[in-house]
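The sequence and structure are shown first.

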Amino acid sequence: MSTENNSRPAAGATPPAGGATESEPIKAIRLRHPWRIVFAVVLVIGFVLFIVDAAGREAYKWDFVAKYVFDRRISEAALNTLQLTVYSMVIAIILGVILAVMRLTPNPVVNSLAWFYLWVFRGTPVYVQLVFWGLLSIIYSSIDIGIPFMEPWFSFETNAALSTFTLAIIGLALNEAAYMAEIVRAGLLSVDKGQDEAATALGMTWFQTMWRVILPQSMRVIIPPTGNEVISMLKTTSLVTAVPYSFDLYTRSRDISAETFTPIPLLIVASIWYLFFTSILMVGQHFLEKRFARGVGAREDRKIDTMSGTLTGAVPLGSGQPTVVRPPGDGPPPTEPGGPR
Amino acid sequence: MSDATTPSAAARAPMVLADRVSKSFGSNEVLKSISLEVKHGEVMCLVGPSGSGKSTFLRCINHLEVVNSGRLMVDGDLIGYRETGGRLYELAPKDAARQRRDIGMVFQRFNLFPHMTALENVMEAPLRVKKMAKARVEQDARALLARVGLADRADYYPAHLSGGQQQRVAIARALAMEPKLMLFDEPTSALDPELVGEVLDVMKGLAKEGMTMIVVTHEMGFAREVADSLVFMDGGVVVESGDPDEVLSNPQHRRTQAFLSKVL
């Protein structure tokens with residue numbers, strides 16, 4: 001259909017919607033939100049007052065904050081905290097995926113094992129677990145690997161083999177794995193059952209279905225709460241003093257303040273570093289979420305595309321069938337009953 | 001349409017043989033002693049009101065549902081079990097998976113893998129299940145997509161395809177395993193009316209090439225035109241079966257008459 005023809009129905013007494021002449025873009029006066037502005041002004045005033053007050057307050061000791069924020073001991077401790085977070089989260093995620101898959105297998109033995117793990121590690125405080133890991137060498141002075149009641153293949157002293165740093169990572173990771181397992185499980189369960197069936201009908205095994213079909217789709221659901229867990233882990237590392245590991249950011253700054261008698265500025269220093277890392281992690285999370293949203297939520301683009309492609313000329317907008325292109329002048333729009341046929 | 005039972009095919013075991021198949025979900029008996037036979041190259045349409053057990057029966061054929069009693073054989077193989085010395089042994093998951101390879105299934109809701117492109121969807125099973133070489137699989141997959149008229153959509157994700165296109169990809173995905181039997185579970189019920197035709201056309205093409213097909217459908221026109229036999233199910237039993245033209249134009253049973261008067 002050509003554009004010249006469109007002018008015919010538009011010239012009639014009742015031009016159908018979307019006629020030949022384009023309608024003007026809407027120029028309306030924007031709705032005002034005066035209370036938002038009032039609230040923002042109050043907040044800004046309050047914040048400025050707080051800053052001005054804090055800058056002058058003796059107890060903050062800003063000169064100490066400036067002095068210690070890039071102190072070598074602090075920055076090294078910050079690096080340790082970051083390492084603790086990354087290592088324990090990597091282990092926790094891997095273990096969490098394994099546990100979640102174990103909980104969903106049809107195998108009742110594996111299933112119960114995973115359930116038991118979750119019961120123990122979610123049921124006790126992480127601080128208590130970390131203390132236990134610290135006491136490992138007292139409970140088990142040597143670790144033997146081999147067949148029970150036989151000469152072990154390997155044997156090593158617990159104290160020598162596992163540093164407090166390693167124990168801290170083990171403690172944090174095993175605890176976190178229990179929470180990760182629940183997050184992953186929720187993700188796996190969120191995938192439509194039809195996906196399972198389609199993969200099974202194709203002859204894929206249970207494991208192939210899980211690994212190739214279900215797990216990748218569940219990532220979209222798993223990643224946001226996992227990002228939270230990483231951020232939470234960054235802060236939980238401050239508990240490793242229970243092991244006792246004392247070279248993380250929080251314990252280090254406490255130790256320094258114990259010598260200088262300036263706890264408040266050093267807490268501020270630690271907070272600055274925690275906030276810095278958290279901000280970086282948030283950016284990383286944003287990009288991961290984007291990556292795994294692939295193939296989802298792109299439908300809108302297509303819709304707009306078909307709309308502009310077919311909604312031409314005299315097609316009544318209210319007809320409910322945008323794909324049917326009617327020739328212009330072919331009867332009145334359906335909203336007008338009793339028109340000539 | 002044509003009589004696909006050549007003398008040699010008739011001598012073989014039927015493609016699908018159901019012998020007094022029953023299935024219950026709890027106390028709800030969904031299939032009550034279903035017996036039927038599908039020959040090699042035959043196209044059978046299963047029709048009936050919703051809840052009549054058509055879909056459940058279809059899902060039993062590839063062991064997505066486990067039957068409670070009776071036997072289901074596909075091409076001479078007992079489905080889900082191994083019979084030795086008069087006793088039944090449950091099949092190991094990998095053996096059950098092996099049986100399913102030869103049975104293609106197309107779902108009402110397409111069930112394409114949304115995180116893979118159309119091409120990847122079609123390639124997945126031959127790559128992972130048959131462990132065939134990638135170059136070969138890709139070549140075959142592109143040919144299959146061309147066969148369902150979607151050669152130019154190979155790199156689209158399902159979300160970017162229309163319902164009809166998605167269902168055609170799903171058919172190509174099932175065909176990629178070179179099945180000897182295709183099961184269609186209401187393949188056009190989730191489609192907009194104007195998209196039904198393109199899917200039915202692909203299925204007609206398959207039927208013409210001699211694929212054995214069982215189609216659960218409400219498309220009576222398709223049944224009349226393509227099917228070799230038509231089975232009407234209601235309340236978990238086969239009420240009436242026979243030549244589609246005959247059943248549709250001259251139904252013998254009251255329940256068939258009542259159903260057809262509503263859908264035709």
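Predicted model: local features only at pLDDT ≥ 70, side-chain atom pairs only at ≥ 80, totals over all residues.

Two strands are taken to pair if DSSP finds at least two bridges between them. On that basis, chain B contains an open sheet of 6 strands in the order 8-9-10-3-11-12, with mixed pairing. Strand 8 (103–106) and strand 12 (237–242) of chain B each have a single partner strand and stand at the edges, so one side of each has no neighbour in the sheet. On average, neighbouring strands of this sheet are turned by 15° against each other, direction ignored.

Within this sheet, strand 3 and strand 10 of chain B run parallel, and B:Val43 stands opposite B:Met213 of strand 10. Helix 7 (residues 193–208) of chain B packs on the sheet, where it touches strand 3, strand 9 and strand 10 of chain B. The direction of helix 7 makes about 145° with that of strand 10 of chain B.

A further open sheet in chain B has 4 strands in the order 2-1-4-5, and its pairing is antiparallel. Its edge strands, strand 2 (28–38) and strand 5 (77–78) of chain B, pair on one side only. B:Leu17 stands opposite B:Met73 in strand 4 of chain B.

| Strand pair (chain B) | Sense | Bridges |
|---|---|---|
| Strand 3 (residues 43–47) and strand 10 (residues 212–216) | parallel | 4 bridges |
| Strand 1 (residues 16–25) and strand 4 (residues 69–74) | antiparallel | 5 bridges |

Key: Residues numbered from 1 in each chain as written. Chains lettered and ligands numbered in written order. Heavy atoms only, no water. Helix = DSSP H or I, 4+ residues; strand = E, 2+ residues; numbered from the N terminus. Axes fitted to C-alpha atoms, helices over the stretch in contact; angles between N-to-C directions. Contact = heavy atoms within 4.5 Å.
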